[in-house]
Amino acid sequence: MDCIFCKIIAGEIPSAKVYEDELCFAFRDINPQAPTHILIVPKEHIASADGISGENSKYVSAIFEAIPKFAAAEGLTTGYRVITNCGEDACQTVKHLHFHLMGGKKLPENMG
Ligand code: AMP
Ligand code: ZN
């Protein structure tokens, strides 16, 4: 499958890796929108939030268990934002489920 995030997980494309366990992989966004901008992805290819089900939700649980640890490690004591873009209307560009973790500055109030 020609998926850039699957290739990053496999180590075929370099990334600034932050964390990895058996279920999830985290790396820094190549075009950061905030001082901290980490992408957290499931190690199984799930195309978007629309593909989350009872069969694969353990990946999502693992990601959300890891997020507070990343936030603490990055010193995001005054808050942070977690976003996933799903589909065309949300301008999802990479069709492998990913959660943006952003912080380190006051983020814009308007998200859409
Ligand atoms: P989205 O628009 O929600 O699909 O977000 C895709 C994100 O992936 C964007 O913020 C890109 O900057 C980021 N991105 C694309 N390619 C890479 C890459 N090779 N390494 C790190 N981040 C990437
Ligand atoms: Zn993939």
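Which residues do ring pairs link into a cluster? They are Phe5, Phe25 and Phe27. The model is predicted.

**Ring pairs**

The structure holds four aromatic pairs. Two of them are set out here, with the distance between ring centres and the angle between ring planes.

| Pair | Centre distance | Plane angle | Geometry |
|---|---|---|---|
| Phe25 and Phe27 | 6.0 Å | 55 degrees | tilted |
| Phe64 and Phe99 | 5.1 Å | 80 degrees | edge-to-face |

Take Phe25 and Phe27. Their planes stand at 55 degrees, so the pair is tilted. An angle over 60 degrees would count as edge-to-face, and one under 30 degrees as stacked. Both Phe25 and Phe27 are buried. Both also belong to the cluster with Phe5.

Now take Phe64 and Phe99. Their planes stand at 80 degrees, so this pair is edge-to-face. The pair links distant parts of the chain. Phe64 sits in helix α2, which covers residues 57-73. Phe99 sits in strand β5, which covers residues 99-103.

**Cover and surface**

Phe64 has a relative accessible area of 39%, so Phe64 is partly exposed. The cut-off for buried is under 20%, and exposed means over 50%.

Together with Tyr80 and Val82, Phe64 makes a nonpolar surface patch of about 240 Å². Thus one residue of helix α2 takes part in both a ring pair and a surface patch.

Definitions and conventions. Residues numbered from 1 in each chain as written. Chains lettered and ligands numbered in written order. Predicted model: local features only at pLDDT ≥ 70, side-chain atom pairs only at ≥ 80, totals over all residues. Heavy atoms only, no water. Phe/Tyr/Trp six-rings, centres within 6.5 Å; stacked < 30°, edge-to-face > 60°. Buried < 20%, exposed > 50% of the residue type's maximum accessible area, 1.4 Å probe, protein only. Helix = DSSP H or I, 4+ residues; strand = E, 2+ residues; numbered from the N terminus. Patch = residues over 30% accessible without salt bridge, like charges linked within 9 Å, V, L, I, M, F, W, Y side chains within 5 Å. Areas by Shrake-Rupley, 256 points an atom, 1.4 Å probe, with all protein chains shown as cover. Salt bridge = Lys/Arg side-chain N within 4 Å of Asp/Glu carboxyl O.
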